[in-house]
Amino acid sequence: MEALPVVETKSLSRYFKGVVALNDVSVSISAGEVVGLVGDNGAGKSTLVKILSGDLEPSAGQVLIDGEEVHFRHPRDAKKRQIETIYQDLALCENLDIMENVFLGHESYRNPLLRLLDRRRMYRETSQLLEELAIRVPSTRELVMNLSGGQRQATALARVAKAGARLIILDEPTAALGVNETRNLLDLVMRFKAQGRTIIIISHEMRDVFEVTDRIIVLKRGELVADKLTFETDPDEIVRYIIRGRD
């Protein structure tokens, strides 16, 4: 029996006061796939992601998770279905250390009634998680404000891994990174894939998209104009779809 897609949209549309931001978009993404979502500004990428992450409700159409129709009215609804989105600002707490960010909202307690945190356990589990993901940081006690861009990205990814994310949406993850940090981030994406996690990457960096994705979805003016297996296309063709739309 064929496995159900992790996430599927059927004829998804979203309107804003007469403006069509997304029009009749149907996509299907399977477990363990890395999918690139590309298109110019205003193509509908952010709208689609906000619907999948619970920030927006669709005007029409369906979202299905594991074959079941869902209605997300708040980001916490998406989180309950193990969907996590990492936007460009990363939403990390600068004045907290790495462990405190990884466990934020998922703290362990020595005494839940007295709200006594089990910090020793959390530091140990954070170290184990970072080791499993091959993430290198100076110390789990390092404040986020002292981390490089790549280390911040890695911390955000460790946080969603700790939360048990099955579908991870990355918004321009390499945009502010140097060559070495981009390499480390892409390697981390592939480790997530090896764990069976599903990843959607929004990016303008074609080299990064082609390196790690299995499939590339192109949106233009709110419509799906291409859905191509990465090995069957090339950057020039994808750029043509971004500029011209459907042939």
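Q: Does Ser-203 count as buried or exposed?
A: The relative accessibility of Ser-203 is 3%. Buried means under 20% relative accessible area, exposed over 50%, partly exposed in between (1.4 Å probe, protein chains only). At 3%, Ser-203 therefore counts as buried.

Q: What kind of model is this, and how is it numbered?
A: Residues run from 1 along each chain as its sequence is written, and side-chain values use heavy atoms, without hydrogens and water. Local features need pLDDT of at least 70, side-chain atom pairs count only at pLDDT 80 or more, and totals for chains, interfaces and linings use all residues, since the model is predicted.

Q: Where is Ser-203 in the chain?
A: Strand 10 covers 198-202 and helix 7 covers 206-212; both are DSSP runs (helices H or I, at least four residues; strands E, at least two), numbered from the N terminus. Ser-203 sits in the loop between strand 10 and helix 7.

Q: Which residues does Ser-203 contact, beyond its neighbours within four places in sequence?
A: Contact means heavy atoms within 4.5 Å. With those neighbours left aside, Ser-203 touches Leu-37, Val-38, Glu-172 and Val-209.

Q: Which element gives the most to the lining of the second largest cavity?
A: A cavity is a set of points on a 1 Å grid over the protein atoms alone where a 1.4 Å probe fits but cannot get out; lining residues have an atom within 4 Å of a point. The lining here includes Ser-203, Asp-208, Val-209 and Val-212. With 3 residues, the top contributor is helix 7.

Q: Which residues line the largest cavity?
A: Strand 2 (19-29) and helix 1 (45-52) each give two or more residues to this lining. The lining consists of Val-27, Ile-29, Leu-37, Leu-48, Leu-52, Ile-200 and Ile-217.

Q: How many residues apart are Arg-215 and Glu-33?
A: Their side chains meet in a salt bridge (2.9 Å, N to O); the term covers a side-chain nitrogen of Lys or Arg within 4 Å of a carboxyl oxygen of Asp or Glu. Both residues are buried. Arg-215 lies in strand 11 and Glu-33 in the loop between strand 2 and strand 3, a separation of 182 residues.

Q: Which helices hold Lys-162 and Glu-125?
A: Lys-162 pairs with Glu-125 in a salt bridge, closest N and O atoms 3.2 Å apart. The pair ties together parts 37 residues apart in sequence, because Lys-162 lies in helix 5 and Glu-125 in helix 4.

Q: Where does Asp-214, the partner of Lys-193, lie?
A: The two side chains meet in a salt bridge at 3.0 Å, N to O. Lys-193 is in helix 6, whereas Asp-214 is in the loop between helix 7 and strand 11.

How values were computed:
1 Å grid on protein atoms, 1.4 Å probe; cavity = no way out; pocket = protein on both sides within 12 Å on 5 of 7 lines; lining within 4 Å.
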